[in-house]
Each structure stands twice: as structure tokens, then as C-alpha cells.
Amino acid sequence: MSEETGANPPTAPTVTPTRVVIALCLIAPFVAMLWVDSYAKVEPTFIGIPFFYWYQMLWVLLSTSLTMIAYKLWQRDQRARKGGASA
């Protein structure tokens, strides 16, 4: 029998509140864009642009922000798991 010394046994993924928030940040844009009935209309217009178009463009900005938040939370989560420095 071969015995591995110092090897860490594989562990199952851990679900934490931070990881749930990360998942929600990444899933929200997909749900918003796939639910077409919620924005397939002309009114209300914004500076003459129909709702259909400006709603989608708004989600470009929101998706960028949510992805950035998810990335920062992931970095913080990884540092906490490794017991690394704060910042």
C-alpha cells in the first residue's frame, strides 16, 4: 500500500453566503435578458429611445458592475480561505 504523507484529501465545495451572492450577481443578467416578455415593449421611452433598447443597454452597465462585484467578492473569499492578508 502506498501511503501519501502530507497530501490533503479532496474536499467538497463549500457553500457560503458570499458564494451565494457571487452566484446571484452572475446569474441576474442572464435571467433579466432571457425573460423577454418583461421588456418587449416600446413605452416608456427615454430621450426618444424605446424601452426595449435602453433596458438592454442598461443591463450592459449593470452586468459589468455585477461581474466586478462578484470578482472582488471571489478574491476576498479566496484570501479568507487561504488565511491571507487583508485588503
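Here are a few questions and answers on helix packing and aromatic pairs in this predicted model.

Residues are numbered from 1 along each chain as its sequence is written. Local features need pLDDT of at least 70, side-chain atom pairs count only at pLDDT 80 or more, totals for chains, interfaces and linings use all residues, and side-chain values use heavy atoms, leaving out hydrogens and water.

User: How are helix α1 and helix α2 oriented where they pack?
Analyst: Happy to look! Helix α1 (residues 17–34) and helix α2 (residues 51–82), both DSSP runs of H or I with at least four residues, pack with axes 9 Å apart at an angle of about 165 degrees. Axes are lines fitted to C-alpha atoms over the stretch in contact, and angles run from 0 to 180 degrees between N-to-C directions. Angles under 35 degrees count as roughly parallel, over 145 as roughly antiparallel, 65 to 115 as roughly perpendicular and the rest as oblique. Therefore α1 and α2 are roughly antiparallel.

User: Which geometry does the ring pair of Y55 and W59 have?
Analyst: Rings of Phe, Tyr and Trp (its six-membered ring) pair if their centres lie within 6.5 Å; planes under 30 degrees apart are stacked, over 60 edge-to-face and the rest tilted. A search of the whole structure gives 7 aromatic pairs. For Y55 and W59, the centres are 6.5 Å apart and the planes lie at 65 degrees, so the pair is edge-to-face.

User: Is W59 buried or exposed?
Analyst: Buried means under 20% relative accessible area, exposed over 50%, and partly exposed in between (1.4 Å probe, protein chains only). W59 has a relative accessible area of 15%, so W59 is buried.

Key: Helices (H or I, at least four residues) and strands (E, at least two) are DSSP runs, numbered from the N terminus.
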